Amino acid sequence: MDFDGTLYAKETFQILMDHLKEHPVYHTRYKRFFLSILPPYIGHKMKIYPKHKMRERSMQIYLDALKDLSVEELDTYFREIAAKMQEDFNPDVVSKVKQHASDDVYVMLVSGAYTPLLHIALDGLPFDKIIGTNIPVKNSVIDLKTPILHVQGTEKNAQIETALANKEIDWANSFAYGDSYSDLSVLDLVGNPIAVQPEEQLKAVAKKRKWKII
């Protein structure tokens with residue numbers, strides 16, 4: 001299952017930006033952060049910088065803005081964001097997660113959002129495995145010298161295959177949920193792909209292939 005636009009009805013990076021901008025302590029870091037993400041964003045809009053690289057670079061730049069936070073401070077920061085996120089969880093998708101779990105189905109969430117944030121936001125939901133973008137840590141603070149591996153596109157497939165390497169999977173009877181065309185490679189893995197409030201490009205594919213749309 002995907003997170004942004006699927007379980008979480010909005011976009012994680014937008015709420016991350018808003019939280020930093022409005023934070024009573026860290027808001028002074030927002031201007032430098034915003035100026036830093038402009039070059040990759042503009043490059044993407046000019047079609048000279050790939051979208052996946054723009055997203056990964058933006059995630060790295062966001063961590064740069066939080067560079068001196070301890071693991072405990074980062075946990076507090078993410079808890080503030082997670083509380084806001086939970087208000088915008090898609091109730092239909094939450095119901096599907098709970099139903100799959102009650103049917104004794106192994107339930108995974110795979111997202112490009114930061115892994116610690118996902119674990120906090122999804123606390124209480126019956127996921128067996130949560131895969132996200134890990135945050136490198138050294139001596140209990142964010143390690144900016146170690147580049148992140150942003151989980152997106154076909155990297156999601158690689159992470160899924162690694163996580164399920166020692167399990168026998170009935171792919172034909174498995175389910176996958178996504179909202180974006182970038183989720184297509186994951187949706188193609190299963191016999192029951194479900195498009196959740198899909199963007200137009202994915203909606204066109206879903207209609208052509210007669211996938212379920214919710």
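Mentor: Let us begin with the largest pocket, to whose lining helix H2 gives the most, with six residues; please keep in mind that this is a predicted model.

Trainee: Which residues lie nearest the centre of that largest pocket?

Mentor: Asp-4, Glu-11, Phe-13, Lys-51 and Arg-55 lie nearest the centre of the largest pocket, out of 31 residues that line it, and its volume is about 790 Å³.

Trainee: And how does the lining of the largest pocket divide by nonpolar, polar and charged?

Mentor: There are ten nonpolar, eleven polar and ten charged residues in the lining of the largest pocket, and H1, H2, H3 and E1 each supply at least two residues of that lining.

Trainee: OK, what about the second largest pocket, how much space lies in there?

Mentor: The second largest pocket holds about 500 Å³ of space, and among the 26 residues lining it, those closest to the centre are Met-1, Tyr-106, Met-108, Ser-174 and Phe-175. Its lining has 17 nonpolar, three polar and six charged residues, with the largest share, three residues, coming from strand E5.

Trainee: Switching topic: which residues of the largest nonpolar core touch the most other members?

Mentor: In that core of 48 residues, they are Leu-7, Phe-33, Phe-78, Leu-122 and Phe-127, while helix H4 gives the most to the core, with six residues.

Trainee: What does Phe-127 touch, leaving out residues up to four places away in sequence?

Mentor: With those left out, Phe-127 touches Met-1, Leu-7, Val-97, Val-107, Met-108, Leu-109 and Leu-122.

Trainee: Last one: is Gln-99 buried or partly exposed?

Mentor: Gln-99, which lies in helix H5, counts as partly exposed because its relative accessibility is 43%, a value between the 20% and 50% cut-offs.

Note on methods. Residues numbered from 1 in each chain as written. Predicted model: local features only at pLDDT ≥ 70, side-chain atom pairs only at ≥ 80, totals over all residues. Heavy atoms only, no water. Core = buried A, V, L, I, M, F, W, Y, C linked by side-chain atoms within 4.5 Å. Buried < 20%, exposed > 50% of the residue type's maximum accessible area, 1.4 Å probe, protein only. Helix = DSSP H or I, 4+ residues; strand = E, 2+ residues; numbered from the N terminus. Contact = heavy atoms within 4.5 Å. 1 Å grid on protein atoms, 1.4 Å probe; cavity = no way out; pocket = protein on both sides within 12 Å on 5 of 7 lines; lining within 4 Å. Points joined across faces, edges and corners; volume = space filled by probe spheres on them. Nonpolar A, V, L, I, M, F, W, Y, C, P; charged D, E, K, R; others polar.
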